[in-house]
Amino acid sequence: MEEITLKIGGIAGAGIKSTGEIFAKICLRSGWHVFDYTEYPSLIRGGHNTYHVRAATEPIWSTVQYIHILIALNEEAVRLHLEHVIEGGVVVYDPSVVDAEKLGRGRSDVRFCAVPFAELAISSGGIEKMGNMVSIGAVVGLLHGSLKITKSVIADIFATKGEQIVSQNEVAAEAGYEYVQEHFSEPFAWTLHELDAPEQMLVAGNEALGFGALAGGVQFYAGYPMTPSSSILHFMAKYGPKQGVVVKHASDEIGAVNMCIGAGFAGARAMTASSGGGFSLMVESLGLAGITETPIVITEVQRGGPATGLPTWTEQADLRFVAHASQGEFPRVLLAPASVEECFTHAALALNLAEIAQTPVLILSDKLLAESQKSTEPFTSKHVAIDRGKLMTTREANRQKDYHRYEITEDGISPRAVPGLPNTLFLANSDEHDTYGYSEENAENRTAMVDKRARKLEQIKDLLPKPIIIGPKQADYTFITWGSTMGPVLDAMRILEAEGHSVQMYRLPVILPFPSEEVTQFLETTTQTILVENNSEGQLGGLIREKTGYELDVHMLKYDGRPFFPEEIVQNFLAMIEEAH
């Protein structure tokens with residue numbers, strides 16, 4: 001597999017994100033597979049930002065630490081990232097801003113390419129700010145990539161700003177391209193050659209969730225911005241109304257979730273999203289949805305906690321919290337997508353499950369999955385079938401003579417009427433209730449209602465994705481994981497398999513209802529198990545122990561706000577083997 005990684009680092013506001021995205025799209029249009037990853041501090045303004053693009057000739061699933069090309073926009077970028085530039089790599093910089101070669105003394109294995117970004121931008125008819133386009137052109141030139149593709153990406157990115165801006169940025173990129181051709185003729189070890197590949201798109205997890213929700217027929221979305229869930233609200237505000245979706249920027253998370261409960265009660269497919277602190281505010285209303293049996297979908301995009309924690313960094317430490325949120329007992333579904341593709345399918349599935357089971361459905365994502373872009377085949381909604389469960393029609397309502405909204409049924413799911421239908425008057429509040437919805441506290445009714453609600457999950461078990469095994473069936477070692485850690489594990493497995501190790505991965509796309517039977521059967525025949533989680537307690541491992549009695553052999557945990565890198569997993573794996581012997 002051929003591979004190119006580029007990192008651009010500098011102060012916030014220097015156009016780092018747009019520069020990184022442009023390079024990612026150049027790689028994509030050249031036919032390469034792409035995964036990108038961004039880091040930025042929890043500041044309103046300023047701080048050191050980075051954008052890491054990984055492109056490969058075969059599918060990839062994660063970001064890595066090593067760098068082939070570093071675009072250093074300031075001294076900090078050199079100091080922080082030079083150690084990760086591999087032998088033969090290159091540092092591209094503007095000598096009027098940073099003396100990277102001086103800072104990098106001692107790294108004779110790295111090339112330093114001084115390119116006057118600002119000077120070339122201005123001399124080519126642009127402004128200093130267009131130095132970023134010079135840097136992109138220079139990188140494409142070093143890689144012997146396509147200037148035509150580069151210009152096409154720039155034209156699309158700046159299309160809304162007018163022909164003059166497009167032209168100036170194209171010329172700036174061309175100036176950088178020609179400069180390195182003239183001044184750095186020594187061959188570079190890596191080339192961005194064009195591949196004959198199927199059409200792909202570049203999409204982040206939050207965008208994929210938005211696409212999935214639209215495909216799944218969401219009708220109402222309310223949210224309050226909170227990193228890293230905010231871009232779901234941005235997506236829905238941009239595209240939702242065009243698809244007939246009512247989108248509301250609520251005053252806070254409590255308002256958002258209660259609006260969704262109201263919309264769900266009224267018959268609309270409703271969804272909201274937040275992150276740890278915002279979801280904390282939603283918890284009491286989560287129970288309201290549970291006891292009133294109101295369909296609602298809530299996405300929780302994890303970041304480092306507790307409290308404000310690490311707002312712009314990733315973690316998987318909310319699993320136990322989301323699984324147990326709210327007082328009392330009621331059925332819930334907890335989905336854990338691991339890729340942008342699953343973000344799409346799980347969002348559509350969640351809307352169906354919520355209405356079929358008339359209960360809250362939660363989607364647990366995280367910053368890495370939410371904000372990293374990955375190349376994938378274009379999504380299609382042709383396989384998405386909308387199932388509204390026992391939602392009553394007007395004709396069915398007309399036949400009602402004694403409607404029981406919370407009727408005790410064999411499957412635990414009662415016929416659901418929405419306000420306005422004839423003959424279906426009922427009461428709904430947060431108290432325990434009888435079949436009409438009137439508050440009722442007698443012991444027999446309470447037991448019957450708890451049992452009725454619990455039976456719902458049995459009805460949807462067959463609709464839930466099963467645990468996934470990737471790799472040889474009888475491997476010597478099994479990585480067990482959930483959510484976004486699938487990506488680095490898959491890429492680590494590729495390395496380990498090439499070195500002759502027998503490894504597989506076992507992943508849970510659904511956390512609740514917990515697939516106890518499947519997991520138990522699997523663990524009965526598995527040898528060495530390695531739990532990989534982005535938290536300090538091994539929360540999935542604890543859940544597996546609770547539900548199956550099995551203690552996983554090795555816990556490989558990381559909780560510094562950064563995702564696992566494949567090379568880390570490989571190193572830890574090899575160290576584990578060495579220690580065992």
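Two strands pair if DSSP finds at least two bridges between them. Helices and strands here are DSSP runs, numbered from the N terminus: a helix is H or I with at least four residues, a strand is E with at least two.

## About the model

This is a predicted model, in which local features need pLDDT of at least 70, side-chain atom pairs count only at pLDDT 80 or more, and totals for chains, interfaces and linings use all residues. Residues are numbered from 1 along each chain as its sequence is written, and side-chain values use heavy atoms, with hydrogens and water left out.

## A five-strand sheet

Five strands make an open sheet with mixed pairing. Their order is β15-β17-β16-β19-β20. At the edges sit β15 (468-470) and β20 (554-557), each pairing on one side only. Direction ignored, neighbouring strands of this sheet are turned by 25 degrees against each other on average.

Look at β16 (residues 477-481) and β17 (residues 503-507). These two run parallel and are joined by five bridges. Across from I480 stands Y506 in β17.

## Helix α20 on the sheet

α20 lies across β16, β17, β19 (528-533) and β20. Contact here means heavy atoms within 4.5 Å. The helix runs at about 135 degrees to β16. Axes are lines fitted to C-alpha atoms, for helices over the stretch in contact, and angles run from 0 to 180 degrees between N-to-C directions.

## Two helix pairs

Two packed helices are described by the angle between their axes and the distance between the axes. Take α17 (residues 486-498) and α20 (residues 566-580). Their axes are 8 Å apart, at an angle of about 55 degrees. α17 and α20 are therefore oblique to each other. Angles under 35 degrees count as roughly parallel, over 145 as roughly antiparallel, 65 to 115 as roughly perpendicular and the rest as oblique. The crossing of α17 past α20 is right-handed, meaning that the near helix is turned clockwise from the far one by less than a right angle. From α17, the contact uses P488, V489, D491, A492, I495 and L496. From α20 come P566, I569, V570, F573 and L574. By class, 10 of the contact residues are nonpolar, none is polar and one is charged. Ala, Val, Leu, Ile, Met, Phe, Trp, Tyr, Cys and Pro count as nonpolar, Asp, Glu, Lys and Arg as charged, and the others, Gly among them, as polar.

Now α10 (residues 253-265) and α11 (residues 276-292). Their axes come within 8 Å and cross at roughly 25 degrees. α10 and α11 are therefore roughly parallel to each other. This crossing is right-handed. α10 brings E253, I254, V257, N258 and I261 to the contact. α11 brings G278, L281, M282, S285, L288 and A289. Seven of these residues are nonpolar, three polar and one charged.

## A covered strand

How many residues of β13 (residues 360-366) are buried? Seven of its seven are. Buried means under 20% relative accessible area, exposed over 50%, partly exposed in between (1.4 Å probe, protein chains only). In a regular strand the side chains alternate between the two faces of the sheet. Both faces of β13 are covered: P360, L362, L364 and D366 on one side, V361, I363 and S365 on the other.

β13 pairs in the parallel sense with β11 (residues 296-302) over seven bridges. Three bridges join β13 to β12 (residues 333-335), also parallel. L362 is the bridge partner of I298 and of L334.

## An exposed lysine

K17 lies in α1 (residues 16-29). Why does K17 count as exposed? Because its relative accessible area is 55%. K17 and T50 are 33 residues apart in sequence, with 7.8 Å between their C-alpha atoms.
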